[in-house]
Amino acid sequence: MSRDWGSLFDVDTDPEDLLEHFDTEWFRGQRYRHLSDERHGIERGTAVVGDTVVRGYPSMPRALVLEPAIRKTFDGPVAIEEKLNGYNVRVARIDGDLLAFTRSGFVCPYTTRKVEALLDADAFFDDHPEQMLCGELVGPENPYTDHDYSEVEGVGFYVFGIRHRESGTPMGVERRLDQCATYGLDSVDHYGTYTPGAAVDAARERIDDLNARGREGVVLKSTDGETALKYTTSAIHRADLEHAFELPFDYGRDFVFTRVIREAFQAVERDASPESVSERAQELGEAILEPAVETIRAVDAGEPVGETHTVRGDPQVLDDLLSYFREQGLELHVERDDTDGDQGVVTFTKIAQSTRDKTRYYLEGGTLDE
């Protein structure tokens with residue numbers, strides 16, 4: 001590595017010490033490195049391809065109560081945009097090739113091919129080679145997060161940020177929206193820019209609408225893009241819990257606890273009546289118990305349990321995707337593997353091994369130490 005890593009990442013540490021925390025992977029015959037966890041202030045997901053650095057996307061704090069969080073976080077105009085339920089992808093052009101990096105810094109073969117097909121980004125990267133597109137890949141043909149959007153038939157890529165590839169410096173909201181319009185890039189919905197005081201009611205109104213439609217939530221940003229908060233709907237809290245209790249021994253207690261706490265604070269913030277709280281409690285209980293019962297019955301019947309996805313694309317790319325998952329230690333159960341014209345179509349389940357094995361153990365008489 002010919003570059004001065006310590007200077008590049010603005011950290012006072014030995015380059016070799018920094019490098020040892022990066023994992024090495026290969027994509028299309030080229031070696032690259034990625035950082036799975038934040039180290040020395042460098043974001044998780046930061047990747048290095050040759051001498052090219054692609055910074056990770058910074059973590060975003062979550063507001064549990066909107067009004068005080070907005071007033072405490074922002075001292076100027078606040079932009080409100082939709083938060084989509086998919087997976088975070090950074091797209092950069094390196095040596096002429098578009099590469100799609102997942103949140104942890106992997107170059108995903110399926111996502112890269114989908115982005116190549118979805119984005120006509122040559123003009124953008126011709127004019128802005130130093131930038132990267134940060135977006136959400138959503139839709140039913142999504143190998144990571146399966147959530148339907150009526151406007152997306154297979155998968156779609158929606159830009160929520162443009163950042164300098166090496167420094168991670170964000171482009172301001174208005175300029176980013178203008179760039180998306182200029183280059184024909186799909187963007188997340190932008191709901192307007194408000195004073196911090198007005199942003200509270202505007203965000204609540206949007207949350208009510210998104211909740212009614214089963215969508216995820218909003219992101220509030222300073223207009224320079226440097227500061228952001230996320231806030232999610234009751235509908236997505238329940239959906240998360242349903243998913244967690246479909247696989248009760250594969251999701252940690254922290255995952256469950258945080259969703260219940262979000263719902264509790266939201267109920268208090270919205271000054272919910274006793275009847276409204278009871279309705280929330282019933283819906284939350286159903287989200288927890290019903291999927292767990294279904295999973296126990298499925299294991300008892302010998303059926304596979306886990307996260308099921310259907311993906312479509314070039315058969316070789318789909319083979320690469322399944323190989324990629326297996327290399328990550330995942331056990332896969334392939335239910336469908338055929339073709340539709342020149343496209344492959346694969347339906348597979350990422351087996352939840354802990355849930356399957358522990359559920360089977362208890363069904364066979366195993367006991368729980370408490």
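Q: What classes of residue make up the lining of the largest cavity?
A: A lining is read by sorting its residues into nonpolar, polar and charged classes. In this predicted model, the largest cavity is lined by 3 nonpolar, 3 polar and 2 charged residues. The lining residues are Arg 62, Ala 63, Leu 64, Tyr 231, Thr 232, His 237, Arg 262 and Gln 266.

Q: Which elements give two or more residues to that lining?
A: Such residues can be traced back to helices and strands. Here the elements concerned are strand 12 (228–232) and helix 9 (253–269).

Q: How many cavities of 30 Å³ or more does the structure hold, and how much space lies in the largest cavity?
A: A count of cavities is read together with its volume threshold. The structure holds 1 cavity of 30 Å³ or more, and the space in the largest cavity is about 40 Å³.

Q: Which residues does UniProt list for the domain "RNA ligase"?
A: A record supplies a range, which may then be described from the model. The unreviewed UniProt entry gives residues 77–231 for this domain. Over that range the chain is 28% helix and 33% strand, with 17 Å between the end C-alpha atoms.

Q: Which residues does Gly 306 touch, leaving aside those up to four places away in sequence?
A: Contacts are read with sequence neighbours set aside. Gly 306 belongs to strand 13 (residues 306–313), and its contacts are Leu 247, Thr 349, Lys 350 and Ala 352.

Definitions and conventions: Residues are numbered from 1 along each chain as its sequence is written. This is a predicted model: local features need pLDDT of at least 70, side-chain atom pairs count only at pLDDT 80 or more; totals for chains, interfaces and linings use all residues. Side-chain values use heavy atoms; hydrogens and water are left out. UniProt positions are given in the numbering used here, feature names are shortened, and annotations may be inferred rather than shown by experiment. Helices (H or I, at least four residues) and strands (E, at least two) are DSSP runs, numbered from the N terminus. Contact means heavy atoms within 4.5 Å. On a 1 Å grid over the protein atoms alone, a cavity is a set of points where a 1.4 Å probe fits but cannot get out, and a pocket is an open set with protein on both sides within 12 Å along at least five of seven lines; lining residues have an atom within 4 Å of a point. Grid points are joined across faces, edges and corners, and a volume is the space filled by probe spheres set on the points. Ala, Val, Leu, Ile, Met, Phe, Trp, Tyr, Cys and Pro count as nonpolar, Asp, Glu, Lys and Arg as charged, and the others, Gly among them, as polar.
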